[in-house]
Amino acid sequence: MPNFTDVTEFTLLGLTCRQELQVLLFVVFLAVYMITLLGNIGMIILIGISPQLQSPMYFFLSHLSFADVCFSSNVTPKMLENLLSETKSISYVGCLVQCYFFIALVHVEVYILAVMAFDRYMAICNPLLYGSKMSRTVCVRLISVPYVYGFSVSLICTLWTYGLYFCGNFEVNHFYCADPPLIKIACGGVHIKEITMIVIAGINFTYSLSVVLISYTLIVVAVLRMHSADGRRKAFSTCGSHLTAVSMFYGTLIFMYLRRPTEESIERGKMVAVFYTTVIPMLNPMIYSLRNKDVKEAVNKAITKTYVRQ
């Protein structure tokens, strides 16, 4: 029988053990984190104060920005602290809390992206019924589902993480508490956790991605039937930003969670995790603003109003 040990804290090995790189990484990730906060909070405020952005698409986008802020804030502050700390530790309870919010926010974000795809389908394929079918009440109900479902599923997944047993190796080969590296160092409760992680991730990614793919298949069919070239271009332009965000987020998560944890996959997973925990939340506001005429006009009007008041 394994000699199980009570766990009080873990050591996060981080991205690198090279001391000379850690200060540089701290500066880089601090800058990325500040840009993420400013960009996403700015997007939420802009959508809230701009009359021309009071449509379902921007309502869902504001929640995507909120999820990005929470997602990045769950991981980045502890990572920044450990980059300048010698101990690089996280308490056992803190590790479980980080796992809980991470899993919850991943599910919230993938289903918000699915809801946004459905919204684009309704806007392009049913434009005459769009206003009535996507009322404020319907939008609130649609956006409530990812939050309720995500935090409920995460509670179950975290309880399975709590069921892992450890035998003295408390060094987590990652910069935050994630299921794959925890499974790798555990010596009990591994099989059920590993299977449930892959099954739950597979079901939820497949289901949410199916909503996205079906929505865009119907959108493409509807757009190709349009007689106006300008109408086709406008329809595709409203979908381009969302498709970019979907491709980046789903691609990195599938690489991370739909494989059995091995030493090689965990090392590669750390590099991929940097992308979806820090880079994607920073890029999303840029993706949705740089190619969006309505957002640009809203920014210009907000800046103009600020100068006029001064």
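Predicted model: local features only at pLDDT ≥ 70, side-chain atom pairs only at ≥ 80, totals over all residues.
## Annotated segments

Let's start with the record. An unreviewed UniProt entry carries the annotation "transmembrane region" for residues 23-46, 89-118, 138-162, 198-224, 236-258 and 270-290.

Two of these stretches can be set beside the model. Residues 198-224 are 100% helix and 0% strand, with 38 Å between the end C-alpha atoms. Over residues 89-118 the chain is 90% helix and 10% strand, and here the end C-alpha atoms lie 42 Å apart.

## How H5 meets H7

Helix H5 spans residues 136-162 and helix H7 spans residues 190-224; their axes are 9 Å apart and the packing angle is about 165°. Because angles over 145 degrees count as roughly antiparallel, H5 is described as roughly antiparallel to H7. The crossing of the two helices is left-handed.

For a look at the side chains, H5 contributes Tyr149, Val153, Cys157, Trp160 and Thr161, which meet Ile192, Lys193, Thr196, Ile200 and Asn204 of H7. Sorted by class, this contact holds six nonpolar residues, three polar ones and one charged one.

## Aromatic pairs

Across the whole structure, a search finds 17 aromatic pairs. One of them joins Phe101 and Phe151 in an edge-to-face arrangement, with 6.2 Å from centre to centre and 80° between the planes.

Where do the two rings of this pair sit? Phe101 belongs to helix H3 (residues 92-125) and Phe151 to helix H5, so the pair ties together parts that are 50 residues apart in sequence.

Note on methods: Residues numbered from 1 in each chain as written. Heavy atoms only, no water. UniProt positions renumbered as here; feature names shortened; annotations may be inferred. Helix = DSSP H or I, 4+ residues; strand = E, 2+ residues; numbered from the N terminus. Axes fitted to C-alpha atoms, helices over the stretch in contact; angles between N-to-C directions. Parallel < 35°, antiparallel > 145°, perpendicular 65-115°, else oblique. Left-handed = near helix turned anticlockwise from the far one by under 90°. Contact = heavy atoms within 4.5 Å. Nonpolar A, V, L, I, M, F, W, Y, C, P; charged D, E, K, R; others polar. Phe/Tyr/Trp six-rings, centres within 6.5 Å; stacked < 30°, edge-to-face > 60°.
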